[in-house]
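The entries follow the order in which I looked things up.

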Amino acid sequence: MKKYIVFDANCVLCTRLAREIQEKSKGELNVLSIHDDGTKALLDTAYPDGWNYAPHFLEVEQENVRGWTGLGVNYQLLKALGVRHAWHIWRLARREGVNRKNKPSQFLFNRRQFMKTGFVTILAR
């Protein structure tokens with residue numbers, strides 16, 4: 001199974017975060033630009049009713065493509081990276097201002113949400 005983070009390659013911050021995620025995952029996660037035609041085809045398969053322009057986490061196994069966005073991305077990153085590295089990525093995103101429009105970002109957790117999800121993930125393993 002291949003796992004991917006889909007991000008906006010035209011955004012310098014998004015590119016930086018994507019590189020950090022790929023590095024912290026030690027090769028378990030690859031990054032794809034949302035602007036790439038192959039990536040759009042994967043998103044079309046994962047979301048047959050249409051997809052939104054946001055960060056996505058994709059799992060691809062042969063013909064099957066599963067996708068997550070919003071808090072689902074956070075949960076999948078937590079599972080893939082572990083608590084320490086996931087927290088590092090979320091702190092970096094918050095510090096750099098991923099939610100530029102002063103709206104709560106779908107990509108970010110607050111500390112309480114992070115700890116709650118982290119403990120549930122640890123217990124589930």
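Which residue in strand 3 does Lys-3 stand opposite? I found that Lys-3 stands opposite Glu-59.

I noted at the outset that this is a predicted model, in which local features need pLDDT of at least 70 and side-chain atom pairs count only at pLDDT 80 or more, while totals for chains, interfaces and linings use all residues. Residues are numbered from 1 along each chain as its sequence is written, and side-chain values use heavy atoms, with hydrogens and water left out.

Strand 1 (residues 2-7) and strand 3 (residues 56-61) run antiparallel and are joined by 5 bridges; strands are DSSP runs of E with at least two residues, helices are runs of H or I with at least four, both numbered from the N terminus, and two strands pair if DSSP finds at least two bridges between them.

I then traced the open sheet, in which 4 strands follow the order 2-1-3-4 with mixed pairing. Strand 2 (29-33) and strand 4 (64-69) each have a single partner strand at the edges, so one side of each lacks a neighbour in the sheet.

Next I looked up helix 3 (residues 71-81), which packs on the sheet and touches strand 1, strand 2, strand 3 and strand 4, contact meaning heavy atoms within 4.5 Å. Of its 11 residues, 8 are buried, that is, under 20% relative accessible area with a 1.4 Å probe, protein chains only; among them are Val-73, Leu-77 and Leu-81. Just after helix 3, I noted that Gly-82 takes a positive phi of about 90°.

Notes:
Axes fitted to C-alpha atoms, helices over the stretch in contact; angles between N-to-C directions. Buried < 20%, exposed > 50% of the residue type's maximum accessible area, 1.4 Å probe, protein only.
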